[in-house]
Amino acid sequence: MPSFRATIQITGLRPGHAPEEVMDMAVAAVGAAHVVEANQLDIVAGTPRITVRFMVEASEYDAENQLARNAAVSLAHGVNTVATTGALRTFRRSAGKWLTL
């Protein structure tokens, strides 16, 4: 199964939500349709960024990419219920490198 990852900047928390809810929501949003391989939080240039790595069911190359894009959009919608966000990016693992979709 092909491996993908989605990253999103976190620019703030919505009132009444705890920091750990952000990652929980991201993993739940992607995990509802795909196998989540890993997740992590990084601070890049002073801005928190979460990454969720996941697999999609093997099929045709473009269809796999579309499923990954859809998963990233689901991640963003879920996270936006508990936090404010910035840039969303999606990547595909290919020959040991992460390629931007």
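Charges, fold and a buried alanine

The protein, a predicted model, carries 9 positive and 9 negative side chains, and the centres of these two sets are 10 Å apart.

Trainee: What makes a side chain count as positive or negative here?
Mentor: Lys and Arg are taken as positive, Asp and Glu as negative, while His and the chain ends are left out.

Trainee: Which secondary structure elements does the protein have, and what pattern do they follow?
Mentor: There are two helices and five strands. Along the sequence they run β-α-β-β-α-β-β.

Trainee: Why is the protein called as compact as a globular protein of that length?
Mentor: The globule rule is 2.2 Å times the number of residues to the power 0.38. For 101 residues the rule gives 13 Å, and the radius of gyration of the protein is 13 Å, close to that value, so the description holds. The C-alpha trace spans about 40 × 30 × 20 Å along its principal axes.

Trainee: Why is Ala 72 called buried?
Mentor: Buried means under 20% relative accessible area. Ala 72 has 1%, therefore Ala 72 is buried. Buried residues make up 33% of the 101 residues.

Trainee: Where is Ala 72 placed, and which residues does Ala 72 touch beyond four places away in sequence?
Mentor: Ala 72 lies in helix H2, residues 61–79. Ala 72 touches Ala 6, Leu 88 and Thr 90, leaving aside residues up to four places away in sequence.

Trainee: What share of contacts between residues at least 6 apart in sequence joins residues at least 24 apart?
Mentor: That share is 66% in this protein.

Notes. Residues are numbered from 1 along each chain as its sequence is written. This is a predicted model: local features need pLDDT of at least 70, side-chain atom pairs count only at pLDDT 80 or more; totals for chains, interfaces and linings use all residues. Side-chain values use heavy atoms; hydrogens and water are left out. Buried means under 20% relative accessible area, exposed over 50%, partly exposed in between (1.4 Å probe, protein chains only). Contact means heavy atoms within 4.5 Å. The place of a charge is taken as NZ of Lys, CZ of Arg, CG of Asp or CD of Glu.
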